[in-house]
Amino acid sequence: MSDNSPATTTAHQVVVNDEEQFSLWPLDRPLPDGWRPEGTTGTRQECLDRIETVWTDLRPLSARRR
């Protein structure tokens, strides 16, 4: 049985902020202030997989510069 709930069928995108923190955002909603598209779009799971691959250091950029 497949899961056709809105959470799995809605197109999403990976977004990133100036602190290089990543998030998942529905494509049909405007981005919140301070966030920009990272370039990856797809299913919720595809975007979560991308975030897991690229966001290896969870500290904000400002904390990594010290």
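My entries follow, in the order I looked things up.

**Ground rule.** I am working from a predicted model.

**Sheet.** I started with the strands and found an open sheet of three, ordered β2-β1-β3 with antiparallel pairing. The edge strands are β2 and β3 (35-42), each pairing on one side only. I then checked β1 against β2: they run antiparallel and five bridges join them. V14 stands opposite L24 in β2.

**Core.** Which residues make up the largest nonpolar core? I list six: V14, V16, F22, L24, C47 and I51. The elements giving two or more residues to this core are β1 (12-17), β2 and α2. I also looked up the contacts of I51: leaving out residues up to four places away in sequence, I51 touches V14, F22, S23 and L24.

**Aromatics.** I searched the whole structure and came back with one aromatic pair. F22 and W55 form this pair, which is tilted, with 6.1 Å centre to centre and 50° between the planes. The pair links distant parts of the chain, 33 residues apart: F22 sits in strand β2 (residues 22-26), and W55 in the loop between α2 (44-54) and α3 (61-64).

**Buried or exposed?** I checked both partners. F22 counts as buried because its relative accessibility is 16%, under the 20% cut-off. W55, at 22% relative accessibility, counts as partly exposed.

Definitions and conventions: Residues numbered from 1 in each chain as written. Predicted model: local features only at pLDDT ≥ 70, side-chain atom pairs only at ≥ 80, totals over all residues. Heavy atoms only, no water. Phe/Tyr/Trp six-rings, centres within 6.5 Å; stacked < 30°, edge-to-face > 60°. Helix = DSSP H or I, 4+ residues; strand = E, 2+ residues; numbered from the N terminus. Buried < 20%, exposed > 50% of the residue type's maximum accessible area, 1.4 Å probe, protein only. Core = buried A, V, L, I, M, F, W, Y, C linked by side-chain atoms within 4.5 Å. Contact = heavy atoms within 4.5 Å. Pairing = 2+ DSSP bridges.
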